[in-house]
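My notes follow in the order I took them.

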Amino acid sequence: MRVLAAMSGGVDSAVAAARAVDAGHEVVGVHLALSSTPGTLRTGSRGCCSKEDAGDARRAADVLGIPFYVWDFADRFKEDVIDDFVASYAAGETPNPCLRCNEKIKFSALADRAVALGFDAVVTGHYARLDNGVLRRAVDTDKDQSYVLAVLTAEQLSRAMFPVGDTPKPQIRDEAAQRGLAVANKPDSHDICFIPSGDTRAFLGAKIGIRPGAIVDADGTELGRHEGVHGFTIGQRKGLGLPGPAGDGKPRYVTDIDPESGTVRVGRAQDLRVWTVEAERAVWTSGRAPDGPFDCVAQVRAHGGTAPAVAEAVGAGLSVRLREPLSGVARGQAVVLYALDADGDRVLGSGTISATSRTVAAGATR
């Protein structure tokens with residue numbers, strides 16, 4: 001096959017491209033320029049997609065002996081990822097920009113251009129596996145990225161290749177060194193790529209501005225003031241700006257955010273437990289929604305936050321009744337559903353969380 005290897009400049013995508021070459025595919029490497037000022041997007045292991053990364057990707061392509069190009073997706077990235085991120089926080093949500101980047105950039109904009117140019121598939125360094133079109137968790141569960149890939153449609157998955165998903169990360173680094181790839185020991189990027197400082201609140205504040213509101217406890221008593229709901233997320237404990245702990249000496253957590261009134265509600269840890277999750281924009285990796293309710297495992301964060309559940313397609317969305325409560329579940333996050341079988345690694349579908357409830361689901365374990 002003729003395949004396009006998305007090369008970020010890191011070790012994973014370099015080895016993924018190398019494995020595609022070994023498999024006999026005709027491989028062309030491409031680096032995505034996602035910023036109009038790429039020199040500002042990496043500080044040590046923070047951020048990615050910088051000039052440094054573009055150079056590392058080009059050198060890896062040279063070692064592999066494959067053609068290499070840089071494609072400018074800065075405008076599309078700003079619109080579909082950065083602007084969406086800012087708007088979601090302004091609306092009191094907690095978005096996952098990596099998930100949105102996969103959905104809108106790597107497997108939509110990039111894949112569409114690749115197909116238009118005659119490529120059969122897009123190769124990336126994501127830690128996930130494809131088994132006859134079925135998306136599964138990676139062998140290295142600590143690096144598994146199936147959660148942020150669960151927004152991909154069956155058609156998009158049919159044009160994707162994840163060559164490193166069957167190998168633990170340390171072995172990938174060893175393989176890169178053996179192949180003479182200079183990125184073998186390059187640090188993984190951390191935090192959000194377009195916020196190299198790691199200060200999300202400051203980034204959002206500069207974009208959104210001051211929108212003051214009240215911080216209240218469960219009975220509505222005002223405990224303090226804030227400069228914008230964008231500085232908070234459900235489950236947050238630190239950085240609340242309150243004078244001290246609650247009267248019982250226990251910490252407070254953000255339990256609800258109302259973007260219309262600017263109210264941030266705080267409460268006890270047990271106030272964070274939810275039993276029902278509603279989601280919109282459902283994506284079913286098989287290409288069609290299951291008929292009726294089905295048992296599954298629901299995951300609400302990229303790493304952790306899982307519980308057995310019963311899910312059901314509801315119109316263009318889905319409803320999930322948890323058998324065990326989950327905490328810190330926020331609107332804007334994704335809920336990803338995995339098959340309840342021996343392996344438990346098969347992705348069934350996903351949706352963007354639009355609402356939660358503390359009402360205990362029938363058959364749940366208190």
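I began with the ring criterion: rings of Phe, Tyr and Trp (its six-membered ring) pair if their centres lie within 6.5 Å, with planes under 30 degrees apart counted as stacked, over 60 as edge-to-face and the rest as tilted. The model is predicted, so I kept its limits in view: local features need pLDDT of at least 70, side-chain atom pairs count only at pLDDT 80 or more, and totals for chains, interfaces and linings use all residues. Residues are numbered from 1 along each chain as its sequence is written, and side-chain values use heavy atoms, with hydrogens and water left out.

**Aromatic rings**

I searched the whole structure and got eight aromatic pairs. Phe-77 and Phe-194 are edge-to-face, because their ring centres lie 6.0 Å apart and their planes stand at 70 degrees. This pair links distant parts of the chain, 117 residues apart. Phe-77 is in helix H3 (residues 74-90), and Phe-194 is in the loop between helix H7 (169-178) and helix H8 (200-208). I took helices (H or I, at least four residues) and strands (E, at least two) as DSSP runs, numbered from the N terminus.

Are Phe-77 and Phe-194 buried or exposed? Both are buried. My cut-offs were under 20% relative accessible area for buried, over 50% for exposed, and partly exposed in between (1.4 Å probe, protein chains only).

Next I checked Phe-85 against Phe-194. Their centres are 5.3 Å apart and their planes at 80 degrees, so this pair is edge-to-face. Phe-85 is in helix H3, and 109 residues separate it from Phe-194. Phe-85 is buried. I then noted one aromatic cluster, formed by Phe-77, Phe-85, Tyr-89, Phe-194 and Phe-203.

**Charges over rings**

I counted a charge as over a ring if NZ of Lys or CZ of Arg is within 6 Å of the ring centre and within 35 degrees of the ring normal. The charged end of Arg-2 sits over the ring of Phe-119, 4.0 Å from the centre. Arg-137 lies over the face of Tyr-338, with 3.7 Å to the ring centre.

**Hairpins**

Two strands pair if DSSP finds at least two bridges between them. Strand S7 (residues 128-131) and strand S8 (residues 134-137) run antiparallel, joined by four bridges. Arg-129 stands opposite Arg-136 in S8. Two residues lie between the strands of this hairpin. I looked at Asn-132 in the loop between S7 and S8. Asn-132 has a positive phi of about 55 degrees, although it is not a glycine. Asn-132 is exposed, at 79% relative accessible area.

Strand S12 (residues 253-258) and strand S13 (residues 263-267) also pair in the antiparallel sense, over five bridges. Ile-257 stands opposite Val-264 in S13. Four residues lie between S12 and S13 in their hairpin, and Gly-262 in the turn has a positive phi of about 75 degrees.

Arg-281 is in strand S14. I found a positive phi of about 55 degrees there, although Arg-281 is not a glycine. Arg-281 counts as partly exposed, at 39% relative accessibility. Glu-280 is found in S14 (residues 274-284). Glu-280 is partly exposed, at 40%. I set Glu-280 against Gly-332: 52 residues apart in sequence, they are 9.7 Å apart in space, C-alpha to C-alpha.

Ser-354 is in strand S19 (residues 347-357). Its relative accessible area is 31%, so Ser-354 is partly exposed. Ser-354 and Glu-278 are 5.7 Å apart, C-alpha to C-alpha, and 76 residues apart in sequence.

I worked on a 1 Å grid over the protein atoms alone: a cavity is a set of points where a 1.4 Å probe fits but cannot get out, and a pocket is an open set with protein on both sides within 12 Å along at least five of seven lines. Lining residues have an atom within 4 Å of a point. Grid points are joined across faces, edges and corners, and a volume is the space filled by probe spheres set on the points.

How many cavities of 30 Å³ or more does the structure hold? I found one. The largest cavity has about 30 Å³ of space. Its lining is Asn-96, Leu-99, Arg-100, Gly-332, Gln-333, Ala-334 and Thr-352.

The second largest pocket has a volume of about 320 Å³. It is lined by 19 residues, and the closest to its centre are Ile-234, Thr-255, Asp-256, Ile-257 and Thr-356. S12, S13 and S19 are the elements that give two or more residues to this lining.
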